[in-house]
Amino acid sequence: MTRLSTATTIAALICCCLGSVSAFVTPTSPLTVAIIKSEQTSSHHHATSTLLDATRRNFIDQSIATITATSTIIFQAQPAAAKEAPIEITPQIVQEAFDAIRNELTSSSGVVATLSNLIDNGSFEEILQYTKESDAYFRRAKLGKARKMLTDKDLKGEAVLMSNAVTFDLIGINRASRPGKENREDQLRYLEELKKDIAKFLELEKTIVFD
């Protein structure tokens, strides 16, 4: 295992132990709201917070110790991993990968059309959930797969930036749909940016060179 993959593993362990913060916001459940209100009105809030802080510090200390021990084992016990097998690149495979992306841009069931309909209907809660899901199945899966097929190393780096731009567009739509911050104008603005960024990514298909 390489040092990079090991660092990634450690980072994942830290996230699991301490939790992570997402740029996306999803609808809050009634139970969560009730808990928040209860905490705010409790006369023992200060004492409870102090206890929780102490407990959290103990948990973090224990977690760091566990992660340190685990990382030591990983560095010492794991041999260097073999290089990842190269992806088979044929005209058909490349076309299928980029057609899957193109479908999200032009199809009536694609991510662009779906978001457009949700915005038109004022379905803010659904938008919050859909933008988060779209970043996973569209940006990470479909754009990620196509990016690995690029034969120009420099363009691979640019493709990462293009993929990140898609995430920023989705986050922008998500933010403009949050409770108290609903803004149709911003939603549509980021939707247009999303269209442009997807179209720009699709142009990479013609740069791929086949052996």
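Buried means under 20% relative accessible area, exposed over 50%, and partly exposed in between, with a 1.4 Å probe and protein chains only. The model is predicted, so local features need pLDDT of at least 70 and side-chain atom pairs count only at pLDDT 80 or more, while totals for chains, interfaces and linings use all residues. Residues are numbered from 1 along each chain as its sequence is written, and side-chain values use heavy atoms, with hydrogens and water left out.

**The whole chain.** Colour by secondary structure. The protein chain has eight helices and zero strands, in the order α-α-α-α-α-α-α-α along the sequence. Helices (H or I, at least four residues) and strands (E, at least two) are DSSP runs, numbered from the N terminus. Of the 211 residues in the protein chain, 28% are buried. Among contacts between residues at least 6 apart in sequence, 78% join residues at least 24 apart; contact means heavy atoms within 4.5 Å.

**Helix H7.** Asn164 lies in this helix. Its C-alpha is 9.6 Å from that of Asp197, 33 residues apart in sequence. Next, select Thr167, also placed in H7. Thr167 is buried, with a relative accessible area of 11%. Leaving aside neighbours within four places in sequence, Thr167 is in contact with Phe24, Asp135 and Arg139.

**Helix H8.** Select residues 184-202. At 1.5 Å a residue, the 19 residues of H8 should span 27 Å, and the end C-alpha atoms are 27 Å apart, which agrees. The expected span is 1.5 Å times one less than the number of residues. Now show the side chains of Gln187, Leu191, Leu194, Asp197, Ile198, Phe201 and Leu202, which are buried in H8. Seen down the axis, the buried residues of H8 fall within an arc of 135 degrees, so they line one face of the helix. The arc is that of the directions from the helix axis to the C-beta atoms. Glu185 and Lys196 are exposed on the other side of H8. What covers the buried residues of H8? The cover includes helix H4 (91-106), H5, H6 and helix H7 (153-175).

**H6 against H8.** Axes are lines fitted to C-alpha atoms, for helices over the stretch in contact, and angles run from 0 to 180 degrees between N-to-C directions. Angles under 35 degrees count as roughly parallel, over 145 as roughly antiparallel, 65 to 115 as roughly perpendicular and the rest as oblique. On the H6 side, select Phe124, Ile127, Phe138, Leu143, Ala146 and Arg147; on the H8 side, Gln187, Ile198 and Phe201.

**Leu128.** Stay in helix H6, where Leu128 is placed. Leu128 is buried, with a relative accessible area of 3%.

**H5 against H6.** Finally, select residues 111-120 and 124-147. H5 and H6 pack at an angle of about 170 degrees, with their axes 10 Å apart. That makes H5 roughly antiparallel to H6. Val111, Thr114, Leu115, Leu118 and Ile119 of H5 meet residues of H6 including Tyr130, Ser134 and Phe138.
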